[in-house]
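Me: I would like to go through this model with you. Could we begin with how the strands are arranged?

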Amino acid sequence: MADLTTEFVGIKSPNPFWLASAPPTDKEYNVRRAFEAGWGGVVWKTLGEAGPPVVNVNGPRYGAIWGADRRLLGLNNIELITDRPLEVNLREIKAVKRDYPDRAIVVSLMVPCEEQAWKAILPLVEETGADGVELNFGCPHGMSERGMGSAVGQVPEYIEMVTRWVKQNTRMPCIVKLTPNITDIKQPALAAMRGGADAVSLINTINSITSVDLDLFAPEPTIDGKGAHGGYCGPAVKPIALNMVAEIARTPEMARLPISGIGGVTTWKDAAEFMALGAGNVQVCTAAMTYGFKIVQEMISGLSDYMDKKDMVATSELIGKAVPNLSDWQHLNLNYIAKAKINQDLCISCGRCFAACEDTSHQAIAMSADRTFTVKDDECVACNLCVNVCPVDDCITMEQMAAGAVDPRTGRTVLPDYANWTTHPNNPAAAKAAV
Ligand SMILES: Cc1cc2nc3c(=O)[nH]c(=O)nc-3n(C[C@H](O)[C@H](O)[C@H](O)COP(=O)(O)O)c2cc1C
């Protein structure tokens with residue numbers, strides 16, 4: 001059986017599944033139930049002090065995007081950091097940590113951008129026995145207008161400065177949580193590293209408006225006729241989060257910087273993908289809010305089965321395994337040629353592949369009078385649109401052409417090996433030689 005235990009910045013947990021700082025980790029009642037369900041760790045809902053009092057809206061705080069089956073795909077929120085008293089949270093953290101010493105408890109913090117404020121709160125957290133702190137430089141609404149959250153996370157110099165204050169004032173490991181609301185995620189990550197961060201976690205939520213009430217003419221969620229932008233999360237943000245995690249993981253200066261991957265993790269497979277792209281563990285919020293704490297049991301058994309099938313005994317064998325295969329476009333092998341194939345036994349003759357290809361792509365699918373759909377190899381560029389619009393799993397696949405075969409579209413012979421591709425004009429070395 002694969003061993004799922006992880007050690008992240010020196011913090012041990014029985015599995016790589018942590019709950020992210022959010023409503024699921026807002027109080028002792030939740031966190032105890034989460035640990036009973038099997039979560040390996042939590043990042044406690046962000047605590048703050050020394051700023052103006054935190055008062056949440058008393059109207060809808062969430063907006064959403066759904067798929068056709070009403071499955072929640074994206075969640076938008078306008079919630080602030082915890083509105084519970086600091087001393088209550090600290091007391092509860094201490095009690096839970098005492099009772100679950102094998103689980104990770106990291107405390108998320110957000111205080112004003114003054115060294116004194118950080119100096120004051122850190123010893124209070126240390127005293128609870130918590131395993132570490134996560135600096136919330138990410139929340140994009142409410143707190144950012146007060147000069148905190150993403151207002152710090154969007155300025156690398158501030159990230160570096162605050163991280164340094166924290167490292168100078170605590171012995172606890174420090175994880176810096178990054179905002180995705182920035183052009184180049186490498187810059188805040190590098191700033192965190194310069195400030196001495198032990199790790200980065202990402203992503204926090206993405207600035208968003210999910211919908212507009214067309215009677216009230218106001219963004220939703222609407223509070224007394226007005227709406228504000230919120231933070232977007234859930235399955236819809238996973239591709240953005242994966243890319244940002246990978247960007248950091250493949251930057252040589254940050255090759256050793258641990259990453260906690262966050263954003264849309266709903267299944268074991270999502271988690272495995274984050275880990276393969278360099279995350280040492282994952283954090284989950286929306287999936288727990290949608291399906292409840294027991295979803296972690298599916299994640300644990302799924303990851304464990306997958307690792308067994310791959311003969312991986314420890315999570316360290318999975319972490320970063322896909323990073324070397326992440327390339328820039330110019331290094332992709334243009335000698336690789338595939339063609340779409342339609343499995344006639346699975347095809348339901350809906351015609352979606354035909355409509356998409358005929359109207360918007362390469363006119364590479366033929367439709368017969370009896371609605372049989374076939375691929376025209378001499379037009380197909382293997383773009384994959386037909387695969388993506390087909391409603392039947394595995395009905396359309398991309399088949400690689402063998403070496404020596406002639407592509408009927410271009411007349412080019414598929415070369416036998418990748419090395420020959422270096423003569424292709426897209427290869428920078430070949431382009432240089434041509435000059
Ligand atoms: C209602 C809500 C409240 C949140 N509050 C916090 C918070 O207090 N601190 C924080 O760092 N992130 C907060 N987040 C962001 C999550 O921790 C997480 O980064 C984000 O939701 C992406 O993960 P997910 O796609 O699994 O939800 C909150 C998210 C939601 C939905």
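Me: How many bridges join strand E7 to E8, and do they run parallel or antiparallel?
Reply: The model is a predicted one. In it, strand E7 (residues 104-109) and E8 run parallel and are joined by four bridges. The chain gets from E7 to E8 by way of helix H3 (residues 115-126), and this β-α-β crossover is right-handed.

Me: Which residue in E8 is the bridge partner of Val106?
Reply: Val106 has Gly132 as its bridge partner in E8.

Me: What pairs with E8 in the parallel sense besides that, for instance around residues 174-177?
Reply: Strand E9 (residues 174-177) pairs with E8 in the parallel sense, over four bridges. Within this pairing, Leu135 stands opposite Val176 of E9.

Me: Is E8 buried or exposed, then?
Reply: Strand E8 (residues 132-136) is largely enclosed by the rest of the structure, because five of its five residues are buried. Both of its faces are covered. Gly132, Glu134 and Asn136 are buried on one side, and Val133 and Leu135 are buried on the other.

Me: Where is Phe217 placed?
Reply: Phe217 lies in the loop between strand E12 (211-213) and strand E13 (218-220).

Me: And why does Phe217 count as exposed?
Reply: Its relative accessibility is 65%, so Phe217 counts as exposed; the cut-off for that class is over 50%.

Key
Residues are numbered from 1 along each chain as its sequence is written. This is a predicted model: local features need pLDDT of at least 70, side-chain atom pairs count only at pLDDT 80 or more; totals for chains, interfaces and linings use all residues. Side-chain values use heavy atoms; hydrogens and water are left out. Buried means under 20% relative accessible area, exposed over 50%, partly exposed in between (1.4 Å probe, protein chains only). Helices (H or I, at least four residues) and strands (E, at least two) are DSSP runs, numbered from the N terminus. Two strands pair if DSSP finds at least two bridges between them. A crossover is right-handed if, with the strands pointing away from the viewer, the path from the first strand over the helix to the second runs clockwise.
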